[in-house]
Amino acid sequence: MSSLEENRWVGQATERREDAALLTGNARFIDDLEPIAGIRHAAILRSPHAHARILRIDATRAEQAPGVTGVVTGQDIAQLSRPLASALKLAAKYYPCAVGKVRYFGEPVAVVVAADRYLAEDALALIDVEYEPLPPVVDPKFALDPASAVLHDEVGSNVVHRRTFRYGDPEQAFATAQHIFSYSNHHPRVHSTPIETYGVIANFERAPDRYTVWSNFQGPFTIHPVMSAALGVPSQRLRLISPPASGGSFGIKQGVFPYIVLMAVVSRKLGVPVKWIEDRLEHLAASSSATDRLTDIEGAFSDGGELLGLRLRQTENVGAYMRAPEPASLYRMHGTLNGPYRVRHIAVENAAVVTNQVPTGLNRGFGAPQYFYPLERLMDVAADKLGIDKADIRMRNFIRSDEFPYDCPSGSLLDSGNYHNTLALAMNAAGYAELLKERDTARAEGRLFGIGIGAAVETSGSNMGYINAALTAEERAKGSPKSGGAASATLTIDPMGSIVVNVGSTPNGQGHATVVAQVAADELGVDPASIEVITELDTLTDGWSITSGNYANRFSVAVTSAVKIAAENVGQKLKLLAAEALDASPDKIQLANGHASTTDGRNISIPIRRLAAQTHWNAVALPAGVPAGIREVAVFSPLSLTGPDQADRIRSSLTYAFLCDVVAVEVDRDSGRVHIRKYGSVHDIGNQLNPAMVKGQIWGGLAHGVGAALFEQLAYDPQGVLLSSTFADYLCPTAAEMPDVNIDHICSPTKANRLGAKGMGDGCSMIAPAAIANAVADAIGRDVSLPLTPARVWNAMHGKSEAPVEAMQRPADAPDAMAGRKVEGKGLVVVQAPPDVVWARLLDPNALQNAIPGCETLQDHGQHSYSARIAISIAGIGGAYDARVQLKDLKAPESFRLAGHATGDLGFGSGTALVTLTPADDGKTTIQYSYSAAVGGRVASLGHRLISGATKLLIAQFFARFTKDLGGSADTGILTKLRAWLGGGRS
Amino acid sequence: MKPAPFAYVRPLSIAEAVAALGEHGSAGRIIAGGQSLGAMLNMRLVAPKVLVDINRIAGANSIEKDRTGIRVGATVRQSDALRHTDLNATPLIKEALPHVGHFQTRNRGTICGSIAHADPSAELPLALLVSDGAVELRSKRGTRIVAADDFLVSTLTTARREDEMVVATLWPSAPARSGCAFDEFAIRGGDYAIVAAAAQVSLDAPGNITSIRVGLAGVGERPILIDTSQLIGDKPSDGVAEEIMDRARRSIEPISDMQASAEYRTHLAGIFARRVFDAAIRRAQEGASRV
Amino acid sequence: MFEVACDASIPVRVTLNGVAREGLASPRMQLADFLRHVLRAYGTHVGCEHGICGACTVLIDGRAVRACMIFAIQVDGMDIRTVEGLAASPDELTALQAAFKKHHALQCGFCTPGILMSCTQFLAEHPAPTEAEIREMLTGHLCRCTGYKGIVEAIKEVAAAKSGA
Ligand SMILES: Cc1cc2nc3c(=O)[nH]c(=O)nc-3n(C[C@@H](O)[C@H](O)[C@H](O)COP(=O)(O)OP(=O)(O)OC[C@H]3O[C@@H](n4cnc5c(N)ncnc54)[C@H](O)[C@@H]3O)c2cc1C
Ligand code: FES
Ligand code: FES
C-alpha cells in the first residue's frame, strides 16, 4: 500500500475525462449504435396476468403484418435454448420468455421483429393469446403458506430455499440476557431504475454457430457461463460487447442477461440481427428489482444496552423465478451479520420464496438495506426501552478501534476502522447537541421532531464464494468450489509511445477511466491526459474473468490495484530501459513528467515515449529481461477470499468501509409529510482516489436512500397487477426533494489492496432508509414501514392501518378467474316509471343493448345469460371487449344479482352487482345498485388512478341511456349532465 | 412505446379545424400541447385515426381582455399565461399554474388542453370552476358557451361533443374586495395533486362575505364546488373556516389508491379547503384596505 | 389544410443547431426518434417516453420541450436546438458545460443533454435565480446518479458569473 501523499494524481479531485463527450452529445450509448448492417427491431408481447396458463398463442396475423420479419414465442425459445441456471439447482425452469405459464405481470410471452419499432409494436396487438388465469401469490407471507397456489409445479412448493445458521452460542445468549427486544418488518421492493433502460443488439452467425451481442450488461461475468450454457455454445461463441457509454445501472443492468439470451435466440430463429431497446414501462414492470424481505429480528440485551445475541428470521421474495445470482441478496451480508457491533452469538433462519412478482437481482445496496433496516430499528427500539441515548447504545456496542482487524462470528474480517470516531463526527456534522435542544423546543411547541441514526458496514469487492453459503457443506463438497475476487488490467504502450490501459470494468457512469488514468499516471510519471483508458469489454478480444464487471464497489478496491500492479511492472521495465540508455543503475531512475531521469545527481533524462517506442522499433537491442513491445497484463487476486468453511463462515468481501448517518426530521401534523431538517453523513472509505467523484457517489447513493425512505416502491395490488408502472407512480426523488447534507470523512486505509481504498458507492443507499425511519419513529412515537409517504405516516400517527390501499391481502381463496384491481361502489337512480315497467326493461335484451354504452352486439343465450361485444371508450381509452353477463337470483320486480366478465384489447375485468327496485311516490321506482369489480391488465396498471372514476362514469352512462325516455333523476349530478349530453345530439 | 399509426391534419384556422372534427367524428383527435395526449398515444391507451394539430391556427394563441374578464385562446401555453400581465385580473389562474407540471411541460401544455382533458386531479379545471368561468365551444353548427360546472362531467369526460373544439376558456375578472387562493398537496413538486383546493371570495364594505366559491380536486371524478351558499352574509371567522372544513369533508367521496386512502384524502380536503379559504379572505381584506 | 395519410412518409425540414436539415417521417414519428434515428443526432436521449424524465428535452424555437411527446411532423420549419449545438467543439465547452464538468454535475451523463437544454432557456430568462427556483426548474428532470447536488452548484455558478455577481 502506498501512502497517497507520494502521489501526484491519485487523491486529486480532478475533472472527469468522460465528461467532454457526454456534455456535447458525442458519447455513444447502446441505442446510438448500429454495429452491423441490416438490423431489425424487436418488441415484446408481455403478460397482462400475474399468474396464468397459456392455452394458445396464434401469431399468424402478426406474422403477416406490414414490415414484420417474424414472431418468436416461448415454445421456440424452449426449443432453441436451455433454462437459465442459478446457484441453487432447482427443478423450476427459467426461460427468458414464458413457456406454458406466465408468472408475473409483464413477463415476455412473444417477440415480434420488424423493420422498425413502430411496426413491431403494431404487430404485438395482432398476436392472439388465450390465457387461463390462475390464483396469484403476490405477498411472500402467503408464499410460505402451503395452501397457496404453487408457481412451479416441478418444485411443488413456493419455498425454494431454506437454511439455518448458528454462530457462537445464541441459545445461551438469549437464555441469560436481561432483555430481549424484537422488531419485524416487510422491507418493500425498490428499483434502481436508471434513466437509460436496457438495450440489446444480437446477431447470430452460422458455421460455426456464434452469437455476438452488444448490450449494456454490466456483469458480473459469472453470468456469462449461465448465458452460454443456455444458448448451448462454448463460451467463446458468445461474444459480449459493451458500448462506450452506459446510462447508469446501480446494479440493475445485471438483469439484462435474460434479454441477451432472448434476443440471441430470436436472431438465430429469424436469421437477422435484432435490436431491442427496453422502454420505461417494460423496465418498471419486467427488468428486475431488489428483493423484498420479511425480517423478524430479536436482540438479547444487557441492562446496560450491550447486544449479546441476535436472532434473525429472513424470508426473501425473489419473484417469479430464482434467477442468477439470487439468492445472493440474502447472502451478501452473511459474513457480516453482526453489522458494526461486537455481538458474537447469532442465529439465522433464511428462506427464499417465489411469488408472482418480477424476478430480482442486483440493485444499489444489494441485500444491505434489507439487512440494516431491521437491525438499526432494533437498536433504536432497545435504546427506547432501556432509556439509553440512541448514539450511546451504538457506541456501547461498536467494535473498538483496537479490535481491528476484527473477525466476525460469521466469517468476515473487518480490516480497519474507527466506528466510534465516525459516529462522533457524524453527530458533529448534523449538530447533534443542538438537535437535541431543537427537539425539546419543537416538542414543547407541539411539533413532531425526531432524530435518527443509522450505521452500516459497507462491504466491497465481493468474494465469488459467498453465494455458496446458500448451499450446505455437503452440497458444496459435491459441486465445484468457488472463491476469490480477482481483477485484471492490461497496460500497453504502442510503437509511437502512446499508453493504453484496458480494464474492462464496464462502468455505467462512475468515471472509471478518469481514476484508472490517475493511478497509471502516478506510476509512470506521465500526465493522465496522455493515457487512453478502455473500460468497455469485449469478451472475445479482452481478458475477462468470472469476477469481471461493475458491482459490489469492486472498482476502487480491486480493479485499481490491478492497474497499479500493471503500471508498476511497466515502470520497472521502463527503468531498466532508461538505466541502459542513461548508463545508470535502475534504482537510480525516476519516472516523472513524461521522462525517465537519473537521481544520481547527473540530472539527465530521456522521454518515456522514446524508451517505450524502442521496445517496438529496436527489439533486438533491448536489455536482458525486457521483451519486445510493452504489454503488461496484471491480475490482482486477493488470496484472503476463500470459500465458506465447514462452519459456514464466509469472508464475504475484501474490504469493509463504514458509514454513519445522523438525520433530523420534522413531521407535519396535518399531512404526515416528512421534512428532512438536517442530515450529516460520515464515511470511512479508506483512501479516496478522487474525492470529487467520492462526493458524487455519496450524493447519488443518498438520493437512492432518500427515495427508498420516502417515495419509492415497486408496488403490486393483491392480484399482482403492477401499480408503479410509470414514472408518475414510481416516484424517484427530484432536485426539490433532496435535502442538503453535510458530508465528512475519516480515513482508515485498508491493507487489503494496493491503494488503501475501501470501496464505496452503495453508501447512503444502505442506511438512509433506516436513519430516516428512526428519526420519523422518534418524531411520532410509532413505527411506520417503508416508504414513509405522507399517507402512511399520517395513518400510523392516527393508529390506522398504514397502507393506503388494501395492504397486500390474500386473494380470494376461490380464484376469481379475472381478478385484478378492485373497484367498488354503489348508487341510486329514481326512474319515472313503476317497478314492473323498469323490471321488464332491465330484462329486455334490446333495451339493454341500447343502454349499455358502446354495445355493438348483444346475444341472448336464454336463462338471462347474455354475451355482448362492447366498445368502451372514455376519452378514447378503451377498446373492444367481449363480455358475458349472467343475471341470477331474480325476484321480479324487486331484485337480481348480476355477474359478468369481459376481456378486451387493454385488459380484462369481472364483477358482480346487486340491483334492487323499490316503488317510490307517484309511480316512480328507485333503483339501487352496488357493485364490486376487479380489473386487470394494462389499463388497470397504467390507469389505476382513473379506473374508479371511469367505472362510475360507465354506470352513470348506462342509467342515463336506460332512463333516457323514461325520465329520471340520479343521486349524482353527473347523470343529469350525461343526459343533457346524450340529448344534445350524440349517442 | 410508440403510437399506433394516425393520419395528420393541420388546420390553419378554426373553421378548418372544426371542419376536420366534423368530418372525422370520433376518429379524430385534437392535439394541443400534447403533454397529456402524447403519453397516452405513446402508451397506445388511445389510437385516434386522425390527429388534428391545432398549434398553427392563426390567432388561437391570443389572450384577450375586456371588462368582464379574460378570454384565453386554444393554444395559449401555460408558460405564456403565467407571464401574461393581463391575467393579473384573474389571479386564481396565476395561482394555480405553477402547480401544473413543470417549467418544461408548461412550455408546451395549453390552458384549454388541460381543461378539455378534464383530469380529476388537474388544477386548471378546478381553477376555472371556482372562478365561475366557462368554456367556448365551436363546431360547424355554431358556437356555444358552457359554464365550467356543466362542462366538467367526469373522469376525462366533458360536455364537449365530438365535432366541437374548445376555442377558448373564459375567466371572469375578480370583483373588487375579492381574494382568491390556490393550494394543493402533492407527493413531489409537479405531481398531480392528491388534493387541490381553490377559493374565491368577495366581501362587502363592512367585511361580510358577499360571494364565496370553494372547490376541491383530486377527491372525485371531477373537481367539485363545496356548497357554501349559507355562508353568504357571514363575517369571516374561525367558525366560518371550521364550517368550510367540515363541509369540504362532507361533500366528497374520494377513492383510495396507492398514495392515499379515502380517509386521508378526506382529512386533507378539509385542511386545504380551510387553508385556501383563510388565505382568500386575508387577501380580500388586504385588497379592501387598499381600495 | 395540410393532410398526411397515416402510412405516408413526408419530408420534414428543420433548422437543427443552425443547419438546415431534412428527413422523412411518418405522422406518428416522435421528434426524439426523428432527431436520433433519421437525422442521426444521437445527443438527445430517451428515458421514459411519457414526459417525466426530461432526458429528451430540446429547444424548439427557444423553448425547452419534451421531444418524446411531440411529433416530427409538428415541428416542420422550426428551429431545433439540441446538446450538439451548444459547444463549437468538445474542447470549447460553453460556460454551462464547463461548470457541469467542474462540479461533477454528471456521472452517466444520460440525463445531462436534456438538463443542459432546460438550463439554456432557464438561465436566459432567469439571470439571477435562487436555489429554490433552480431546484424547481430541475423537477422536470430525473437524474438517478448525482443526487442533483453538482447540477445545482453548476447552475448557481453560471448564473452568478452571468449576473456579474
Ligand atoms: C411530467 C408531467 C407532469 C404533469 N403534471 C400535471 C399536473 O400537475 N397538473 C395538471 O393538471 N397537468 C399536469 N400535466 C399535464 C399537463 O401538462 C397538460 O398540459 C394538460 O393536461 C393538457 O394540455 P395540453 O395542451 O398538453 O393538451 P393535449 O395533451 O394536447 O390534449 C389533452 C386532451 O385534450 C384534448 N384537447 C386539447 N385541446 C383541445 C381543444 N382546444 N379542444 C378540444 N379538445 C382539446 C385532446 O384531444 C386530448 O384529449 C403534466 C404533464 C406532464 C408531462
Ligand atoms: S423521454 Fe421524454 S421526458 Fe422522458
Ligand atoms: S448523470 Fe446519470 S442520470 Fe443523471
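Biologist: Among contacts in chain B between residues at least 6 apart in sequence, what percentage join residues at least 24 apart?

Modeller: In this predicted model, 63% of those contacts join residues at least 24 apart, a contact being heavy atoms within 4.5 Å. Local features need pLDDT of at least 70 and side-chain atom pairs count only at pLDDT 80 or more, while totals for chains, interfaces and linings use all residues. Residues are numbered from 1 along each chain as its sequence is written, chains are lettered from A and ligands numbered from 1 in the order in which they are written, and side-chain values use heavy atoms, with hydrogens and water left out.

Biologist: What does the radius of gyration of chain B agree with?

Modeller: Chain B has 19 Å, which agrees with the value near 19 Å for a compact globule of 291 residues. The radius is taken over C-alpha atoms, and the globule rule is 2.2 Å times the number of residues to the power 0.38.

Biologist: And how much of chain B is buried?

Modeller: Buried residues account for 64% of the 291; buried means under 20% relative accessible area, exposed over 50%, and partly exposed in between (1.4 Å probe, protein chains only).

Biologist: Turning to Asp66(B), where is that residue found?

Modeller: Asp66(B) lies in the loop between β4 (63-65) and β5 (69-73) of chain B; strands are DSSP runs (E, at least two residues), numbered from the N terminus. Asp66(B) is partly exposed, because its relative accessible area is 46%.

Biologist: Which residue in space is 107 residues away from Asp66(B) in sequence?

Modeller: That is Ser173(B), at 8.9 Å from Asp66(B), C-alpha to C-alpha.

How values were computed:
Helix = DSSP H or I, 4+ residues; strand = E, 2+ residues; numbered from the N terminus.
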